[in-house]
Amino acid sequence: MPELVEVEQYRLLAERVGGRRVASVEVPDPWVVRDVDPAVDLGALLSGRRVTAVRRHGKLLLLVLDGGSTLGLRFGMTGTLLVDDAPGVDRLLYSPASRHERWVRFRLRFAGPEDGALALHDPRRLGRVLLDPDEGALGPDAATVTLAQLGRALRSAAPLKARLQDQSKLAGVGNLMADEVLWRAGLSPHRRARCLSPADVRR
């Protein structure tokens, strides 16, 4: 399932589309854009726009377009990013090894010398396409979180694992990463987050 590590690989892959201009938008499965206002025509809004930057915040991939719009991609449990038919990761745990066109839920096609496309491929339909997502609703990115920020995120009576996975407190950590981090730190996932000592937080 895509967590911070996988989405960072998607970001690196998506760097290929930097500078490309959107020629068309394909939404074979409108389910994935249900968080976008139905009155918004994504094709009309995005066509002709150039990708000026690619960023990641936690598990959210962000394509910044000229003209002020930002397209956000969430990958759910089985979503992968394809750029020019190349995948960001070879295989996701709990996801089919094969790829099928029917599992492409959203695609940007590009115009110009490079042409090509960027697509969200998601067998389980848990991914989402967002327009101008609210990054402020996310906590600090787990790859760059400071000790002080982590300490603040853990001020809770909630179980430690649940708190680490709360994207509004710490963005990017999912089930697999939380298990690995806690195992390596020698901390129980059921322990109350606020009961950690400063040494526990550093670990």
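**Reading burial and strand pairing in a predicted model**

Tutor: Start with Arg125, which is partly exposed at a relative accessible area of 33%. The model is predicted.

Student: How is that label reached?

Tutor: A residue is buried under 20% relative accessible area and exposed over 50%, with partly exposed in between. Arg125 has 33%, so it falls in the middle class.

Student: Where does Arg125 lie?

Tutor: Its place is the loop between strand 8 and strand 9. Its phi is positive, near 60°, and Arg125 is not a glycine.

Student: Which phi does Asp85 have, and is Asp85 buried or exposed?

Tutor: The phi of Asp85 is positive too, about 70°, and this residue is likewise not a glycine. Asp85 sits in the loop between strand 5 and strand 6. With a relative accessibility of 62%, Asp85 counts as exposed.

Student: What does the radius of gyration say about the chain?

Tutor: The idea is to compare the value with that of a compact globule of equal length. For 203 residues such a globule would have a radius near 17 Å; the chain has 18 Å, which agrees. The C-alpha trace spans about 55 × 35 × 30 Å along its principal axes.

Student: What share of contacts joins residues at least 24 apart?

Tutor: Contacts between residues at least 6 apart in sequence are considered, and 68% of them join residues at least 24 apart.

Student: Which strands pair with strand 3?

Tutor: Strand 2 pairs with strand 3 in the antiparallel sense over 6 bridges. Arg56 has Leu61 in strand 3 as its bridge partner. These two strands form a hairpin with 2 residues between them, where Gly58 has a positive phi near 60°. Strand 3 (residues 60-65) is also joined to strand 4 by 4 bridges, again antiparallel. That hairpin has 4 residues between its strands, and Gly67 in the turn has a positive phi of about 95°.

Student: What stands opposite Leu73?

Tutor: Leu61 stands opposite Leu73 in strand 4, and Leu73 stands opposite Val129 in strand 9. Strand 4 and strand 9 (residues 128-131) pair antiparallel over 4 bridges.

Student: Why is strand 4 described as largely enclosed?

Tutor: Count the buried residues. In strand 4 (residues 70-74), 4 of the 5 are buried, so the rest of the structure largely encloses it.

Student: Which residues of helix 1 are buried, and what do they pack against?

Tutor: In helix 1 (residues 4-14) the buried residues are Leu4, Val7, Tyr10, Arg11, Leu13 and Ala14. The elements they pack against include strand 2 (51-57), strand 8 (117-121) and helix 5 (175-185).

Definitions and conventions:
Residues are numbered from 1 along each chain as its sequence is written. This is a predicted model: local features need pLDDT of at least 70, side-chain atom pairs count only at pLDDT 80 or more; totals for chains, interfaces and linings use all residues. Side-chain values use heavy atoms; hydrogens and water are left out. The radius of gyration is taken over C-alpha atoms; the globule rule is 2.2 Å times the number of residues to the power 0.38. Contact means heavy atoms within 4.5 Å. Buried means under 20% relative accessible area, exposed over 50%, partly exposed in between (1.4 Å probe, protein chains only). Two strands pair if DSSP finds at least two bridges between them.
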